[in-house]
Amino acid sequence: MANAPRLTDGDRTFRDLNKNGRLDPYEDARCSLEERVADLLGQMTLEEKAGLMFHTIAGVNLNGTLDPPQQGPFRQPIADAVTGKHLSHFNVHALPEPRLAARWYNRLQELAEGTRLGIPITISSDPRHAFAYNPLTSFAATSLSQWPEPIGFGAVGDEALVEQFGDIARKEYIALGIRVALHPMADLATEPRWARISGTFGEDAAISARLTAAYIRGFQGTELGQYSVACMTKHFPGGGPQMDGEDPHFAYGREQVYPGGQFDAHLIPFEAAFAAGTAQIMPYYGMPIGTELEEVGFGFSKQVITEMLRERYGFDGVVCTDWGLISNVHFGDRVMVARAWGVEHLSPIDRLKKALDAGVDQFGGESCPELMLELVRSGQISETRIDESARRLLRDKFRLGLFDAAYLDEDAAERVVGNEAFRAAGALAQRRASVLLKNGELRGGPALPLHGAANLD
């Protein structure tokens, strides 16, 4: 593909293109993407379509097997999700070292290959190239190269550096089987008390727009293809202006406000993301207060998803909710309440229906396709509506080349992830992102610049 990112050793991680036979029905180059999608969609049962629409968290066993991990909150057997619920999109948190991570991925694809239609698995991840660890938002780099947080990239303000990062991160992700990036965050840091400022490029809409576009180019290239990682840009239409800076993962932080009527300013980075071709979009948890919009979380808002995102901006990619909008999650005796802000009074099935009516394609952090089946079989949602979302989801699997080359080379995973050149590039970027807040006194004079003591190049 002429417009894909340049193919390097970091991309040569797929093995045995025809091992699973998925390519054979489509060997004729004249068979278009849309024809492939339509052909497969026409063979799918309602249960299989519903399974596509849930994007849940997979606990990964650190020994590389598909056995549930022994520790951590996500111990559900992944085989049951794939073969029983027909799920084929999973978000991974902790991963083993690269060779075992690739082995786990290959075993998962082999499991999927054995299902009726052999639909391959799509793996996603939150950011995992910096030092911070937060199980709700990002993961420490561990074996990957380590780079600045996005706010550090914002301090540098260099589009070429951000695109370089995206290209290197893309190669490492592909080597591990990660094909959807649950980032970048195109949010503006307009509320200084908001805890997620480090995940943004700052408060300046123009800078954020430039760097968001560069980030997407690095991960996707100029168009989505076999050597791309799809970006799920978030959190539409902007997650920065939280009331009092509170966190909308929790009920006390559910409200978003726009002092000075600055709602449209938050759209500027997303407009750049659309121009760069972001494959997917994630609406935020937040519930807008004091605007003309319905006071419900953005994932439930038809005004935001259909009227604004689809119709005003013409976005026809996948829309996936932020994690956990529909169902409460139980961790032993603890309960994480669904982030169904503004629709807390609705039952899970009615929340699902409202989000579908709003225009959502996929439900992050959820695994309840049985509710989708009930909505269709009771006549509340048409199967045609389900087909709209299933078509978008299948289209991205085909565009990413998962049907043609689903497996990984374990040797390449070990060689590519965190290699010396990638680590050196990340370390240089971190030095460039250092910000001097105060040039204090050292031996009677300013501490910087250093003279003969260090080389920061």
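Leaving out residues up to four places away in sequence, L448 touches L436 and N439, where contact means heavy atoms within 4.5 Å. This is a predicted model, so to speak of local features a pLDDT of at least 70 is needed, side-chain atom pairs count only at pLDDT 80 or more, and totals for chains, interfaces and linings use all residues. Residues are numbered from 1 along each chain as its sequence is written, and side-chain values use heavy atoms, with hydrogens and water left out.

L448 sits in the segment after strand 14 (445-446); helices (H or I, at least four residues) and strands (E, at least two) are DSSP runs, numbered from the N terminus. With a relative accessible area of 35%, L448 is partly exposed; buried means under 20%, exposed over 50%, and partly exposed in between, using a 1.4 Å probe and protein chains only. K438 lies 10 residues from L448 along the chain, and their C-alpha atoms are separated by 9.7 Å.

G342 belongs to the loop between strand 11 (334-336) and helix 10. Not counting residues up to four places away in sequence, G342 touches R254, M287, E295 and V296. Of these, E295 is 47 residues from G342 in sequence, yet 6.2 Å away in space, C-alpha to C-alpha.

Eight strands form an open sheet with parallel pairing, in the order 9-7-5-4-3-2-1-12; two strands pair if DSSP finds at least two bridges between them. Strand 9 (318-319) and strand 12 are at the edges with a single partner strand each, so one side of each has no neighbour in the sheet. Further in, strand 3 (residues 122-125) and strand 4 (residues 178-181) are parallel and share three bridges, with S124 partnered by V180 of strand 4. Strand 4 is in turn joined to strand 5 (residues 230-236) by two bridges, again parallel, and here A181 has C231 as its bridge partner. Four bridges then link strand 5 to strand 7 (residues 280-283), also in parallel, and K234 stands opposite M282 of strand 7.

Helix 10 (residues 348-358) packs on helix 11 (residues 369-377) at an angle of about 75 degrees, with the axes 10 Å apart. Axes are lines fitted to C-alpha atoms, for helices over the stretch in contact, and angles run from 0 to 180 degrees between N-to-C directions. That makes the two helices roughly perpendicular (65 to 115 degrees; under 35 is roughly parallel, over 145 roughly antiparallel and the rest oblique). Helix 10 brings P348, I349, L352, K353 and L356 to the contact, and helix 11 brings L371, M372, E374 and L375. By type, these residues split into seven nonpolar, no polar and two charged.

On helix 10, the buried residues are I349, R351, L352, A355, L356 and A358. They pack against strand 1 (54-58), helix 9 (302-312), strand 12 (363-364), helix 11 and helix 12 (383-399). Beyond its neighbours within four places in sequence, L352 is in contact with F54, I326, F363, L371, M372 and L375.

Conventions: Nonpolar A, V, L, I, M, F, W, Y, C, P; charged D, E, K, R; others polar.
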